[in-house]
Amino acid sequence: MAALLLPAPLAARLHAIRSLDPTPEPTPDEERLAEWTTALRSAGLARHELPIGRAAVAVGEKAGGTPYRPGTLEAYLRAGGTPANEPLTASLTRFDCVTLVESCLAVARVARSDGHPTWAGFGREIERMRYRGGVRRGYTSRLHYFSEWISDGAARGLVRDLGQELGGAADVRSLRFMSEHRASYPALRDDATFEEIRRIERGLDARSRFVVPTKLIPQVADRIQTGDVLAFATEIPGLDVTHAAFAYRAPGGVLRVLHAPLSGGVVEITRTTLPEYVAAIRRSTGILVARPAWG
């Protein structure tokens, strides 16, 4: 199954077995990668002079109806893996909210590169978004708090944080949700992993998050582009955001949300506008906004 890029020793054994077949059939994930990159290139959306957000949203449209699957990044732990050896999990046939964002951007970047799209190339693009500094060094190197996903990506030219220029207010609350809800995270049963997550949380204290308040969103909506990454801020103690998505300009210019929601269970474009959607989220305080770059 292409959806899981396995640790090297096991992957090598599986490759040796598969190589006995001179013409292995592509998996559904690989078929989607080939089909979607071809479509982006044919439509001229993989050009550097165009915003990557347009290409990413075109991928998201193609992913419409794909099932939502929570907890896929922790499946290796349930199977007996260890936090120190987190494999790279990637899929184009099931998503949660964050993996949809990562996958659409990764397909766009693969489409812009030369040559035939490969699953390994897609995986490299996922890794450099998902892990601190773009390097996977186990569970604790993953950017678990989405506000850090934005700030780390901004430091490496993968996104531009628009919070301040859109009039966002600084959220200076400490992020402690993971360490204060240790039982909810299987990886934190390991004491060393737990202590490292606590250290990372404390290190984020000096970083402000700029949240565009719910009441301000209608006033700045015309400055939000198709493909901008949205993160939905929350007043839940110790937590930054509860959901991630793309901004989506529908025909006629109406601003909606393209996302993989828990409720409904498939990738979709909301019927409600972005301001309406945010206003309906319980305990929401507004949005973080980041504009992706080709990187």
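Two strands are taken to pair where DSSP finds at least two bridges between them, and the model in which the following strands are shown is a predicted one.

**Strand β10 and its antiparallel partners, among them β5 (residues 209-213).** Strand β5 runs antiparallel to β10 and is joined to it by two bridges, a count that just meets the threshold of at least two that pairing requires. Within this pair, proline 213 stands opposite glycine 286 of β10. Strand β3 (residues 159-161) also pairs with β10 in the antiparallel sense, over three bridges, and here arginine 160 is placed opposite arginine 291. The antiparallel pairing of β6 with β10 comprises six bridges, with valine 229 standing opposite alanine 290 of β10. Eight of the nine residues of β10 are buried, so the strand is largely enclosed by the rest of the structure.

**Arginine 283, in the loop between α11 (274-279) and β10.** Although arginine 283 is not a glycine, its phi is positive, at about 65°. For context, most residues other than glycine have a negative phi. The relative accessible area of arginine 283 is 34%, which means that this residue counts as partly exposed.

**The largest nonpolar core, with the surroundings of phenylalanine 122.** This core has 54 residues, and those with the most contacts inside it are Leu40, Leu105, Phe122, Trp149 and Phe246. At least two of its residues come from each of α2 (28-42), α3 (52-62), α5, α6 (119-130), α7 (146-155), β6 (229-234), β7 (241-249) and β10 (284-292), and the largest share, 10 residues, is supplied by α5. Phenylalanine 122 touches Leu33, Ala90, Ser91, Leu92, Ser103, Ala106, Val107 and Val110, when residues up to four places away in sequence are not counted. Another core, of 19 residues, lies apart from the largest one and has Leu162, Leu166, Val257 and Val278 among its members.

**Helix α7, with its buried residues.** The buried residues of α7 are Phe146, Ser147, Glu148, Trp149, Ile150, Asp152 and Gly153. Glycine 157 follows the helix and has a positive phi, near 75°.

**Aspartate 96, in the loop between β2 (88-89) and α5 (97-112).** Aspartate 96 is buried yet takes part in no salt bridge, the nearest side chain of opposite charge being that of arginine 130, 6.9 Å away. The side chain of aspartate 96 does reach the backbone nitrogen of threonine 99, at 2.7 Å. Not counting residues up to four places away in sequence, aspartate 96 touches Tyr68, Arg69 and Ala260.

**Salt bridges at several positions, drawn from the 17 that the structure holds.** The side chains of arginine 142 and glutamate 74 meet in a salt bridge at 2.7 Å, N to O. This pair links distant parts of the chain, with arginine 142 in the loop between α6 and α7 and glutamate 74, 68 residues apart from it, in the loop between α3 and α4 (75-78). Both arginine 142 and glutamate 74 are buried, and together with Glu86 these residues are linked in a network of salt bridges. In helix α6, glutamate 125 and arginine 128 lie three residues apart, about one turn of the helix, and their closest N and O atoms are 2.7 Å apart. Glutamate 125 is buried, with a relative accessible area of 16%, whereas arginine 128, at 24%, counts as partly exposed. The salt bridge between glutamate 49 and arginine 47 is also at 2.7 Å, N to O; glutamate 49 is exposed, at 58% relative accessibility, while arginine 47 is partly exposed, at 39%.

**Leucine 258 in strand β8 (residues 255-259).** Leucine 258 has 0% relative accessibility and so counts as buried. Leaving aside neighbours within four places in sequence, leucine 258 is in contact with Val57, Gly60, Glu61, Leu100, Ala245, Phe246, Tyr248, Val267, Glu268 and Ile269.

**Threonine 272, in the loop between β9 (268-269) and α11.** Threonine 272 is partly exposed, with a relative accessible area of 33%. Its contacts, apart from neighbours within four places in sequence, are with Arg256 and Tyr277.

How values were computed
Residues are numbered from 1 along each chain as its sequence is written. This is a predicted model: local features need pLDDT of at least 70, side-chain atom pairs count only at pLDDT 80 or more; totals for chains, interfaces and linings use all residues. Side-chain values use heavy atoms; hydrogens and water are left out. Helices (H or I, at least four residues) and strands (E, at least two) are DSSP runs, numbered from the N terminus. Buried means under 20% relative accessible area, exposed over 50%, partly exposed in between (1.4 Å probe, protein chains only). Lys and Arg count as positive and Asp and Glu as negative; His and the chain ends are not counted. A salt bridge is a side-chain nitrogen of Lys or Arg within 4 Å of a carboxyl oxygen of Asp or Glu. A polar contact is a pair of N or O atoms within 3.5 Å; within protein, one must be able to donate a hydrogen and the other to accept it, and residues adjacent in sequence count only if both atoms are side-chain atoms. Contact means heavy atoms within 4.5 Å. A nonpolar core is a set of buried Ala, Val, Leu, Ile, Met, Phe, Trp, Tyr and Cys residues joined through side-chain atoms within 4.5 Å.
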